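Me: I am new to this structure and would like to go through it in order. Could you take my questions one at a time?
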Amino acid sequence: MQFHHHGYVSGDPRVQPAAGVGLNRPEELPDEVDVLIVGSGPAGMIAAAQLAQFPNVVTRLVERRPGRLEVGQADGIQARSVETFQAFGFAGRITEEAYRITEMAFWKPDPDNPENIVRAARAPDDPSGISEFPHLIVNQARVLDYFAEAARNAPGRLVPDYGYEFVGLEVAETGDRPVAVTLRRTAGEDEGAERVVRAEYVIGCDGARSKVREAIGRELVGDQANHAWGVMDVLAETDFPDIRTKCAIQSHDGGSILHIPREGNHLFRMYVDLGEISEEDHGKVRETTQQEVEARANRILHPYTLTVKHVAWRSVYEVGHRLTDKFDDVPAEGAGARCPRVFITGDACHTHSAKAGQGMNVSMQDGWNIAWKLGHVLDGRAGAELLDTYSAERQVIAQDLIDFDRRWSKLMAAKPEELDDPSELEDFYVKTAEFPAGLMTRYQPSMIVAGTEHQNRATGFPIGKRFKSNRVTRVCDGNPVHLGHHHRADGRWRVYAFADRPAAGERSKAADFAGWIVGSPDSPVVARTPEGLDVDAWFDVKVIYQQAHTEVDLGAVPRAFLPKVGPFQLVDYEKVYAADTDDDIFEARGIDRDGAIVVVRPDHYVSHVLPLDATAELAAFFAGIFDSARRPVALGGS
């Protein structure tokens, strides 16, 4: 964490200096905003935290509840989400309070006595080391708290506006803020009163019964629910030996349980199989009592017993897999004719079972994806066509999730004798580990994802996939660090220059690149960074040398990699790295020894891989994003 470069900081360094709209943020919800976020779930809160990093953008978040969420339904935090938490500055703190999953136990009927269950296998949670981040269990409410803190401490000083319910919206064809949103007060002295807020863009994060989705004419379409589960967060007395281990439990005739220990060392969650439901059920299964769920759980766990002492939360739900055809308000016949104004995220546009542990995780990536793009458009960095990439990217990911969850749910609900192979469930869990970890996402070529012509220059950084970090050594102080962990959610693009190592007497391509990136009028740093801002305000350029850090002379490092920043123009030494002698990033990530450029977009995904001397291609790539940008928004209205 860097601080003191704007003067001495005696308080919490996580609180960034207020700027732009954060300097005089009105307490009351204004009549006009640039972005109105509807709903303070995972997608809404991460969008708020990201947009709060753009102090020129007027963003407000409305929530129908009178205050923060106290008990959340979601709890599984995948590795990609923890990586995302790192970008927002709280991965370490939330990991400390969470339950960490390291393995999963599989229980099945005892072959000699089928009415009893026995442990049949254990599987490591991350057998191949696909991420340095852990798989966690922590209540959704705490995740929202951390994102709320990040938004509140960001330059824009964003805090939710509680007690406002979304009623409807209308989108005008013209105007600076063409979306008229009707809201109704749900709390306070003026409860029931309605008002209209005009916005340039709206993000609907209001769940599976989304009124924003309804307002733009989108529908969730997909499988009818045909299997029911009772879920409970409880404190209980039990002799089941794996009560503090994640388990998949399959009984001979009593159904299945997905068991998940919770944070705090006492609470746990059970998804209890309630069986198939008929088409004539019409939701009657949701009336299943807690006593019935506990009885079913005991039948499945036999010969072990479970006595519930306290129920923190419970629900009964039916598994359904549904998806909207598009995640914005542009109709099929209008594609290309206008840019979207209203976006939907998370459960508002895709629903699935909770047992794959993906709902909150995928929703957060939806929210981050649209938020940085709106920030770029409204801050004058990119043209509005950038917003077309949101639905194009995230709708495909949601379909992949539904396909995965359909298979996982079917395996969980199957009786052991119905499986082709007795170990099919645990084999599927191990073989597909990268998908539920959130690391299989790969975006297709677009204006922000280049082609793969130069992929051989860095095979371990696949274009379109998230930037997989690796250890390096910071040259200035010899500290071993993870390169990707310094990629914060500040809206900046990362340009990593992996240096060549020329023979004696030969000119360094990395040095030539450094001269171009700060000296050429074609360079995105020179051409796009607004006058008066730090040279690294929009582009964070770093260099990674092949040799050991003791062999790198900081005095000889080009100034492009040692920029002067802040009001005192102090040198930033944390942009110069060397390959770790015990874990060479060049070898680990398949980087050409002749050097390479790796471009990473603000949400961690690799956008381009190029040779060090392909400066014209790099300039053209950024020109395709930045050239159609409008002027930055004014600060009026809030």
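Predicted model: local features only at pLDDT ≥ 70, side-chain atom pairs only at ≥ 80, totals over all residues.

Me: What box do the C-alpha atoms fill?
Reply: Along the principal axes, the C-alpha atoms fill a box of roughly 75 × 60 × 55 Å.

Me: How much of the protein is buried?
Reply: Buried residues account for 58% of the 638 residues. The accessible surface comes to about 26,000 Å², and carbon and sulfur atoms hold 47% of that surface.

Me: What about positive and negative side chains?
Reply: There are 70 positive and 97 negative side chains in the protein. The centres of these two sets lie 2 Å apart.

Me: Let us turn to helices. What span should α7 have?
Reply: Helix α7 covers residues 359–378, and at 1.5 Å a residue its 20 residues should span 28 Å. Its end C-alpha atoms are 29 Å apart, which agrees with that expectation.

Me: Is α7 mostly covered or mostly open?
Reply: Helix α7 is mostly covered, with 19 of its 20 residues buried. Just after the helix, G380 takes a positive phi of about 85 degrees.

Me: Which residues does A371 contact, leaving aside its neighbours in sequence?
Reply: A371 lies in helix α7 and counts as buried, at 0% relative accessibility. Beyond its neighbours within four places in sequence, A371 is in contact with A47, Q50 and L51. A371 and A47 are 324 residues apart along the chain, yet their C-alpha atoms are separated by 5.0 Å.

Me: Now α4. How far does that helix reach?
Reply: Helix α4, residues 140–153, has 14 residues and reaches 20 Å from its first C-alpha to its last, close to the 20 Å expected at 1.5 Å a residue.

Me: Which residues of α4 are buried, and what covers them?
Reply: In α4, 10 of the 14 residues are buried, so the helix is largely enclosed by the rest of the structure. The buried residues include Q140, L144, Y146, F147 and N153. Their cover includes α1 (42–51), β3 (76–77), α2 (79–88), α3 (91–97) and α7.

Me: Different topic. Where is there a cis peptide bond?
Reply: A cis peptide bond joins H302 and P303, with omega at about 20 degrees. P303 sits in the loop between α6 (290–301) and β17 (306–318). For context, most peptide bonds are trans, and most residues other than glycine have a negative phi.

Me: Which residues other than glycine have a positive phi?
Reply: Among them are R157, with a positive phi of about 50 degrees, and Q569, with a positive phi near 50 degrees. R157 lies in the loop between α4 and β8 (161–162), while Q569 lies in the loop between β25 (564–565) and β26 (570–571).

Me: Do those two count as buried, partly exposed or exposed?
Reply: R157 counts as partly exposed, at 22% relative accessibility. Q569 also counts as partly exposed, at 43%.

Me: Where does L169 lie, and what does it touch?
Reply: L169 is in strand β9, residues 164–171. L169 is buried, with a relative accessible area of 14%; the cut-off for buried is under 20%. Not counting residues up to four places away in sequence, L169 touches several residues, including V179, V181, I216 and V342. The C-alpha atoms of L169 and V196, which are 27 residues apart along the chain, are separated by 8.9 Å.

Me: Finally, what does F3 touch?
Reply: F3 touches V9 and P13, not counting residues up to four places away in sequence. F3 lies in the segment before β1 (32–38) and is partly exposed, with a relative accessible area of 34%. F3 and Q16 are 13 residues apart in sequence and 9.1 Å apart in space, C-alpha to C-alpha.

How values were computed:
Residues numbered from 1 in each chain as written. Heavy atoms only, no water. Buried < 20%, exposed > 50% of the residue type's maximum accessible area, 1.4 Å probe, protein only. Areas by Shrake-Rupley, 256 points an atom, 1.4 Å probe, with all protein chains shown as cover. Lys, Arg positive; Asp, Glu negative; His and termini not counted. Charge placed at Lys NZ, Arg CZ, Asp CG, Glu CD. Helix = DSSP H or I, 4+ residues; strand = E, 2+ residues; numbered from the N terminus. Expected span 1.5 Å × (residues − 1). Contact = heavy atoms within 4.5 Å.
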